Amino acid sequence: MFSPISLEAAVVVLGLFLLLFEAFSTEPDKSRIAWLGIAGLGTILVLSFFTQAPENAAWMRFYTADPLAMFFKRFALVTTIIVLVMALEYRGVVTKFIFGVSPQSGLGEFFALPVLTCAGLMWMASAIDFTLIFVSVELVTISFYVLVAYMRRNTASLEAGVKYLILGALSTGFFVYGITWIFGVTGETNLDLIAAAIPHLEGSKVPLLFGFMLVIVALGFKIAAAPFQLWVPDVYQGAPTPITAFLSVGSKAAGFVVLIRLVNTFMDVPLVREKVVGTMFVLAALTLIYGNLAALPQTNLKRLLAYSSIAHAGYLLVAAASFGATGARDAIAFYLAGYLLMTLLTFLVMIVVANRTGGDDIAHFAGLSRRSPWLAFAMLVAMASLAGIPFTVGFFGKFFVFVAAYKQHQYLLIGIGLITVASGFYYYLKVVRAMYWDAPADDSRIHAQPFTNAIIATLVALIFVLGVYPRPIFDLLKVKPLMTKFALR
Amino acid sequence: MNILNLLIFVPLLAATAILLGTSARRTALGASVLNLILSLIALSQYQPGGDRFQFLSVATILPDLDLKYFVGADGLSLLMILLTAIVTLAAVWVSPRVERMEKQFYACVLFIAAGAMGAFASLDLFFFYAFHELALIPTFLMIGIWGSGDRHAAAWKITIYLAVGSFILLVGLIGLYLAVPETQRTFDLTKLMLPGMVKNISASAHWIYPILLTGFGILISLFPFHTWAPDAYASAPAPVAMLHAGVLKKFGLYGLLRVALPLMPDAAREWSDLLLVLLVGNVLYVGLATIAQKRLDLMLGYSSVMHMGYIFLGIASFNFIGLSGAALLMFAHGLAIAALFALTGQLRDRTGTVRFSELGGLAKPAPVLGFLFALAAFASIGLPGFANFSSEILVLFGAFGAQVSKLVPVSGNPIAPPPTFTHFQVATVCALWGVVISAVYMLRGFRAVFLGELDKRWAKIPDLARTIRWPVILLLATLMLGGFIPRFFLKFVQPTFEIFAPR
């Protein structure tokens, strides 16, 4: 058995190893690095099922390995693996915008940096102390500063990098400032201790809530919640597509773990809880409306997915606003699991298609059903799931969210959901329309590499399987990370 | 293997096989013939005196929520399953030669059929809902790719409209699920139907019922939510129009009969006045709109909306006769409208237009087409000899005789006897005019297309091909069977409504 903390250590070692390999190996084919990364992360994913947290270790004050944390660690690993697969498909575009000494120079770090980001995401999943939360969030954010601006001769990528840097730095400022207020009021940085301290606070709760709001501003930036979403469309569109996918899935999920833990901390005292839930309600309503309505007129798929990412943050926030209902936390985790599958599937197909059609406008998908029935079908499944059609995982996600909302009597949010679900159907089916109704620009076939195809097939299958039988996800959220049967002692 | 599972999975597997490369039309035909045989077997094995639901099959999905895959059928479901099987077979059979993406075309038809089968066979609210939604994307694709006229606008309209309707329905169903105390929550319809549960639900039923009525109403094209239907049916390729108008629309009605009425009887009564007003809107307002149509496909689309009014009347009447009539009329209307859309599709293939002003005298070059169309039109009007007549009679008698005092309240609150003229009687008299209206538009439509002067352009059009006659004859023969021996079908549905029989 391993200590769960060794998982992050292993990921960091893997990332450093890949960087060193890049620097000292004479291997001209940099895709080796990506394959090594995929294999390494896959091994760590398997090992994550054989971990056991030690009792009373000193670092357990900062770090937890509860099922939620383990779930999101695996989540981060799976995301990173698929992002590396995407990066492999995308390498042609990256090298086009980096004029190096050799044809593949600059690619190595593009494959290695996501692994380090993954370590940050995994720490975020486990962090229960503001110091660790802050450090891991910064590890993630700083590596994203590099990755977003990675294509340095591409002005869109640079613009995205600058926007992400400035707004990211700003949100970091809010984050630290909020933490100091909370620390100033409670004298603690550990979330459990803060929760224990809140009921004994004397006097006004305003300073505490002020700190909470500031932290929420920073988290809102991470999870792309309105009104902190301004960076999302430009950054998503400008960043290299695999990095967009990584931002949209990994960064958002990790942000939501922190949000879940943070909101849970403030749930015990009714007076505070009321304000916290009220904040979540406002965020959810704004995010739902903004994300869905702004997605309607989009013509570029990447930009559309940026708004869709905001829209899904809205549904997740509906569950966050329904905290207190049994199953609200699991609804968020399940929704994110489904979101991972369908969003990564979309981005993967998009990269394959964009490689051949030369762009990621919706118009570039015209007639895809005739150029590649398989990729068109995969995209159709992804879009149906994002729109929330039954028998796909996306529907179950929305279903659990709305059940939780109903339980907490958030009828207004359900009413807003009526508008947003309808507009969701419109903008996701716009892609389906292009693929199936419109005529293709030319009739040449589009193929993906065999391994990419296998990943696409797995994602499609998982979307259907979890759309009918969602229990495995809930089991993962319930079981302890202990598996005595396989104990290696 | 359980026969209901087979009925659901045969089309699903056939659709998958087609996508993977088997011969599209042959696989689809084989699967739908097999399904028709299976549904007849199920019907013959069903024991009307036996358990309420038969052919049960369960697989647990989420024990915490008591959500499971649970199929089972009573006579009402079996009748709807038979309707689905017949209409699917006819729809596949009359499908024209598909020029492009033939595989996707037949796969879509089969997905729609499987969804309808699943919805009618499900005894779990979640799957009941989910199966119905299976038709949404195939419909969108089929109207958009293979439709005619302003197909893109029609495809968007039906998809968004039905998505909204489904979401409202989902909210209602979640409300229903959460209406009972936490420990008893279940999606299992058979458990929810128990009297204790119905009592639990009745506290919040008076506002869940209108949500469900709106949700189902949008799916059924209840006035004033009907505007999606005519355009979509007019633009859809014939098989989609047949399946949608014939089968999928019945899902909403079936939902009212299966979910809303038995679980919330008091609320249904509370809201019956509103329903009466709306259904008279369906019959009279939409009926008059039908007369004004200048194209055959739009006229049929509107007429299918209009006929929903009668079924609603039977449902609103809330008694044994009216409900049995409504169930039989669902079956009859599905067959008749499918036959009409099938023939209209054939007509459009020949002439390229269905505008009344451009057609005329077609019975001369195409006598069989004309004859079958006339029979289907008579059935749709409700002439004696067709199941539509016998069921409409039941509905009208049931509704006229609907006396609020004689309703059997499951939760036991007697309601004061009504004044001399009940709302039901007023609504019935209004709805009776619908018979005249439908005679007017159907006969006018028939005259405009098949009688009168023959345009030279159409002098050479071929008559209905021999092979295409059979599916239409199958539909019409079933209608006649229901017209001459309504008992043959009624005996299946009546046990379902016995709880509403006057005591």
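Reader: How many residue pairs are in polar contact between chain A and chain B, and what makes a pair count as one?

Author: Between chain A and chain B, one residue pair, with both members at pLDDT 80 or more, is in polar contact. The term requires a pair of N or O atoms within 3.5 Å, where within protein one atom must be able to donate a hydrogen and the other to accept it, and where residues adjacent in sequence count only if both atoms are side-chain atoms. The model is predicted, with local features needing pLDDT of at least 70, side-chain atom pairs counting only at pLDDT 80 or more, and totals for chains, interfaces and linings using all residues, while side-chain values rest on heavy atoms, with hydrogens and water left out. Residues are numbered from 1 along each chain as its sequence is written, and chains are lettered from A and ligands numbered from 1 in the order in which they are written.

Reader: Why is the meeting of A:Lys478 and B:Asp64 called a salt bridge?

Author: A salt bridge is a side-chain nitrogen of Lys or Arg within 4 Å of a carboxyl oxygen of Asp or Glu. For A:Lys478 and B:Asp64 the distance from N to O is 3.2 Å, so the pair meets the definition. The count of salt bridges between the two chains is one.

Reader: Which elements give two or more residues to the side of chain A that touches chain B?

Author: They are helix 14 (368-371), helix 15 (373-387), helix 16 (393-407), helix 17 (411-436) and helix 19 (471-478) of chain A, a helix being a DSSP run (H or I) of at least four residues, numbered from the N terminus. Helix 17 gives the most, with twelve residues. By class, this side has 26 nonpolar, three polar and six charged residues, where Ala, Val, Leu, Ile, Met, Phe, Trp, Tyr, Cys and Pro count as nonpolar, Asp, Glu, Lys and Arg as charged, and the others, Gly among them, as polar.

Reader: What is the area buried between chain A and chain B, and how many residues are in contact?

Author: About 3500 Å² is buried, of which carbon and sulfur atoms give 83%, the value being the accessible area (1.4 Å probe) that the two parts lose on being put together, summed over both. In chain A, A:Phe391, A:Tyr406 and A:Trp437 lose the most area to chain B, together 23% of what that side buries. Contact, with heavy atoms within 4.5 Å, joins 35 residues of chain A to 41 residues of chain B.

Reader: What is the volume of the largest pocket, and which residues lie nearest its centre?

Author: The largest pocket has a volume of about 1200 Å³. Its lining numbers 36 residues, with A:Phe377, A:Phe464, B:Thr16, B:Leu19 and B:Phe111 nearest the centre, and by class it has 29 nonpolar, four polar and three charged residues. The second largest pocket has about 560 Å³, and the residues closest to its centre, out of 19 in the lining, are A:Val78, A:Leu340, A:Leu341, A:Leu462 and A:Ile473.

Reader: How do you know that A:Arg61 and A:Asp129 form a salt bridge?

Author: The closest N and O atoms of A:Arg61 and A:Asp129 are 3.5 Å apart, therefore the pair falls inside the limit already given. The two residues stand 68 apart in the chain, A:Arg61 in the loop between helix 2 (31-47) and helix 3 (67-96), and A:Asp129 in the loop between helix 4 (107-126) and helix 5 (130-148) of chain A. Over all chains the structure holds 22 salt bridges.

Note on methods: On a 1 Å grid over the protein atoms alone, a cavity is a set of points where a 1.4 Å probe fits but cannot get out, and a pocket is an open set with protein on both sides within 12 Å along at least five of seven lines; lining residues have an atom within 4 Å of a point. Grid points are joined across faces, edges and corners, and a volume is the space filled by probe spheres set on the points.
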